Structures are given as C-alpha cells and as structure tokens.
Amino acid sequence: MVTSWLRRESRDDKAIKHTEPRNVLVAVAGNEMDEDLVRMACTMAKNGKGHVIAINVVEVPRRLPLDAVMEGNQSDQVLDKAIAVAQDLNIEIEAEVVQAREAGPAIVDEANDRRCQLILLGLDPRTRFGQFDLGKTVPYVLEHAKG
C-alpha cells in the first residue's frame, strides 16, 4: 500500500497565512517611545500590505462637552512627529486627534471602526504604592480589543 504524504492546504493553513497585520493602529501620546512605536507600526503594516493609523487621544473631563476645545493641547505636534517618521520610511499614514472621556475605550473603538488587526501603544513603567502599575488604559485595551 502506498501512502501519499502530499499535504493539501486546509482552511487553517489559509488562516495562518493571513495573520500578518494589515491595518495597524498606533496610539501616540507625546512620549519618547512614540517614534519607535510608529516605526514598528509602519514595518508591520508594510509587511502586511496594510496601512497605519496614528491617533492621539485627548481625554476630556466630564464637566465639559466632548467637542470642547482643549487649551494647551499638543496633539498636532505629536501627530506631526508621527507623520514625519512614517514619511521617512515612505509609508502612508493617517493621523487623527480623538477626543474621549477615557483613552482605553477610544483606542478600542477606533481599532474596531477601522478594522485594525493590531494595536500598538506604549507603556511607561511606573510603580504605585510599591507595586508595578499598568495604569487604566493598557488593561482596558488588553481586555476589550478583539483578539
């Protein structure tokens, strides 16, 4: 009896080939790690033949309407730096300021609305009360982003 070891491509194999990120959302906050995040997002999007969306979330206090003009906002400068990094890499990037009550839900909603397969955001390590603290944004995104 002859057994053929020729393997046919299954649905699972096709799914594995398409796991490369196509659309990448990168949340920039004006930190020193933003440039590295944008470079990483551009590389991943380019390899996945997708595009990069950079957002800067401005948290609006509950006492103000969501569309309030926020004084002292550095969003334009933060996004201009992200655009400059992408242009250096010859990658097209969309950049947008998002005003929301909290950053976590805004990031997840933007990623879902734009059908992003990957979310990149930085974490500035810190401790609070002697314990490592992730803040509230990262845990929210980890819990609620579609996996």
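Visitor: Why is Glu35 called partly exposed in this structure?
Guide: Glu35 has a relative accessibility of 40%. Buried would mean under 20% and exposed over 50%, so Glu35 falls in between and counts as partly exposed. Keep in mind that this is a predicted model.

Visitor: What makes Glu35 and Arg39 a salt bridge?
Guide: Their closest N and O atoms are 2.9 Å apart. The rule asks for a side-chain nitrogen of Lys or Arg within 4 Å of a carboxyl oxygen of Asp or Glu, so this pair qualifies. Both residues sit in helix α2, four residues apart, which is about one turn of the helix. Arg39, at 31% relative accessibility, also counts as partly exposed.

Visitor: How many salt bridges does the rule give?
Guide: The count comes to six. Another one joins Glu102 to Arg62, with 3.6 Å between the closest N and O atoms.

Visitor: Why does the pair of Glu102 and Arg62 tie together parts that are apart in sequence?
Guide: Look at where each partner lies. Glu102 is in the loop between β3 and α4, while Arg62 is in the loop between β2 and α3, so the bridge ties together parts 40 residues apart in sequence.

Visitor: Are these two partners buried, partly exposed or exposed, and what decides the label?
Guide: They get separate labels. Arg62 has a relative accessible area of 62%, which is over 50%, so Arg62 is exposed.

Visitor: Why is Gly104 called buried?
Guide: Its relative accessible area is 3%, which is under 20%, so Gly104 counts as buried. Gly104 is placed in helix α4.

Visitor: Which residues does Gly104 touch, leaving aside those up to four places away in sequence?
Guide: Gly104 touches Thr137, Tyr140 and Val141. The C-alpha atoms of Gly104 and Leu142 are 9.2 Å apart, although 38 residues separate the two along the chain.

Visitor: What makes Cys42 and Cys116 buried?
Guide: Cys42 has 1% relative accessibility and Cys116 has 16%. Each value is under 20%, so each cysteine counts as buried.

Visitor: What is the volume of the largest pocket, and which residues are closest to its centre?
Guide: The volume is about 560 Å³. Of its 25 lining residues, Ala29, Asn31, Ala103, Gly122 and Thr137 are closest to the centre. Four elements, α2, β2, α4 and α5, each supply at least two lining residues, and β2 gives the largest share, with five. By class, the lining has 14 nonpolar, five polar and six charged residues.

Visitor: What lines the second largest pocket?
Guide: This pocket, with a volume of about 240 Å³, is lined by 12 residues, and Cys116, Gln117, Leu118, Ala145 and Lys146 lie nearest its centre. The elements giving two or more residues are α4 and β4, and α4 gives the most, with three. Seven of the lining residues are nonpolar, three polar and two charged.

Visitor: How many helices and strands are there in the protein?
Guide: There are five helices and six strands, and along the sequence they follow the pattern α-β-α-β-α-β-α-β-β-β-α. Of the 147 residues, 33% are buried. Among contacts between residues at least 6 apart in sequence, 69% join residues at least 24 apart.

Terms used:
Residues are numbered from 1 along each chain as its sequence is written. This is a predicted model: local features need pLDDT of at least 70, side-chain atom pairs count only at pLDDT 80 or more; totals for chains, interfaces and linings use all residues. Side-chain values use heavy atoms; hydrogens and water are left out. On a 1 Å grid over the protein atoms alone, a cavity is a set of points where a 1.4 Å probe fits but cannot get out, and a pocket is an open set with protein on both sides within 12 Å along at least five of seven lines; lining residues have an atom within 4 Å of a point. Grid points are joined across faces, edges and corners, and a volume is the space filled by probe spheres set on the points. Ala, Val, Leu, Ile, Met, Phe, Trp, Tyr, Cys and Pro count as nonpolar, Asp, Glu, Lys and Arg as charged, and the others, Gly among them, as polar. Buried means under 20% relative accessible area, exposed over 50%, partly exposed in between (1.4 Å probe, protein chains only). Contact means heavy atoms within 4.5 Å.
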